[in-house]
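Please look over the sequence and the model shown below before reading on. The briefing that follows begins with the whole chain and then turns to single places within it.

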Amino acid sequence: SVVIPTYNERDNIVVLLDQLAIQLLSIKNSYEIIVVDDASPDGTAAVVEKYAENFSFVRLIQRTGKRDLSAALASGFDSAAGEFLVAMDADLQHDPAIILQMLTAASHADLVVATRYAAQGSATRWNGMRRFFSRVATGISVAVLRIHCSDPLSGYFLLRRDAWQAVRKSLYLSGFKLLLEILVAKPDLVCVEVGYCFAARQRGNSKFGAAAMLAFFLAVWRLWRRSL
């Protein structure tokens, strides 16, 4: 089950769904794609509904109320039918070509993290501020929360269903990054990494900004206090 949270991704979502269909052709009829839309005012949900009329492997969940990435992902994971749950963004920065590689790696792991910082990993065309914050935030997460993962803030990862069910009730489903919550809540998960190239956004607006930075520091503070 591939779960894709969306907010104002009308210009990207069909491109991504087409790419996923191509990459997952070898496991046709063995996967589903769940788009979880947080009441996008640009009509993202309507685009997905139209697409799903012709492709039964696509399903839409529409959320109302407060927009929240972690909560949207959790909604998708909770409703998923697959043995393996994949989280990825809709902005075309996560390369669908490595999903089958992640699935293969999951044969001996509970969690597979697509990382910009492992071998064959990179982040292209980031400005200086984005690159600086990413490195600092990753360093803080690893040092303060004692996480053994090169990219604990990745939004692209695969989790076994039984691991999700084991960790679900202990998660704080409102905030910065769901992967960070999972890694802290259950540090004994067997985790492996797959390097990938984090691409530049082609369409739409980035969600990164001051609010995201503040949310990160609040999340680290909360998780650190919980671990005491």
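This is a predicted model: local features need pLDDT of at least 70, side-chain atom pairs count only at pLDDT 80 or more; totals for chains, interfaces and linings use all residues.

Residues are numbered from 1 along each chain as its sequence is written, and side-chain values use heavy atoms, with hydrogens and water left out.

**Overall make-up**

- The protein has eight helices and nine strands, these being DSSP runs numbered from the N terminus (helices are H or I with at least four residues, strands are E with at least two).
- Of the 228 residues in the protein, 49% are buried, where buried means under 20% relative accessible area, exposed means over 50%, and partly exposed lies in between (1.4 Å probe, protein chains only).
- Among contacts in the protein with a separation of 6 or more, 79% join residues 24 or more positions apart, a contact being heavy atoms within 4.5 Å.

**Helices and their buried residues**

- In helix α2, which covers residues 44-52, the buried residues are Thr 44, Ala 45, Val 48 and Tyr 51. Seen down the axis of α2, these buried residues fall within an arc of 125°, so they line one face of the helix; the arc is that of the directions from the helix axis to the C-beta atoms.
- The buried residues of α2 pack against β1 (2-6), α1 (10-23), β2 (33-37) and β3 (58-62).
- Helix α3 (residues 69-79) has Ser 70, Ala 71, Ala 72, Leu 73, Ala 74, Gly 76 and Phe 77 as its buried residues. At the start of α3, a side-chain oxygen of Asp 68 reaches to within 3.2 Å of the backbone nitrogen of Ser 70.

**Residues with positive phi**

- Most residues other than glycine have a negative phi.
- Asn 8, in the loop between β1 and α1, has a phi near 55°, a positive value in a residue other than glycine, and is partly exposed with a relative accessible area of 28%.

**Around Thr 115 and Ser 154**

- Thr 115 belongs to strand β5, residues 111-115, and counts as buried at 0% relative accessibility. Ser 154 is placed in the loop between α5 (128-145) and β7 (157-160), and counts as buried at 3%.
- Although Thr 115 and Ser 154 are 39 residues apart along the chain, their C-alpha atoms are separated by 6.5 Å.
- The side chain of Thr 115 reaches the backbone nitrogen of Tyr 117 at 2.9 Å, and a polar atom of the side chain of Ser 154 lies 3.1 Å from the backbone nitrogen of Tyr 156.
- Leaving aside neighbours within four places in sequence, Ser 154 is in contact with Val 113, Ala 114, Arg 116 and Leu 179.

**Salt bridges**

- A salt bridge is a side-chain nitrogen of Lys or Arg within 4 Å of a carboxyl oxygen of Asp or Glu, and by this rule the count comes to nine.
- Arg 59 and Glu 32 meet in a salt bridge at 3.2 Å, N to O. Arg 59 lies in strand β3 and Glu 32 in the loop between α1 and β2, so the pair ties together parts that are 27 residues apart in sequence. Arg 59 is partly exposed at 31% relative accessibility, whereas Glu 32 is buried at 16%.
- Arg 160 forms a salt bridge with Glu 83, their closest N and O atoms being 3.4 Å apart. This pair links distant parts of the chain, with Arg 160 in strand β7 and Glu 83 in the loop between α3 and β4, 77 residues apart.

Technical notes. A polar contact is a pair of N or O atoms within 3.5 Å; within protein, one must be able to donate a hydrogen and the other to accept it, and residues adjacent in sequence count only if both atoms are side-chain atoms.
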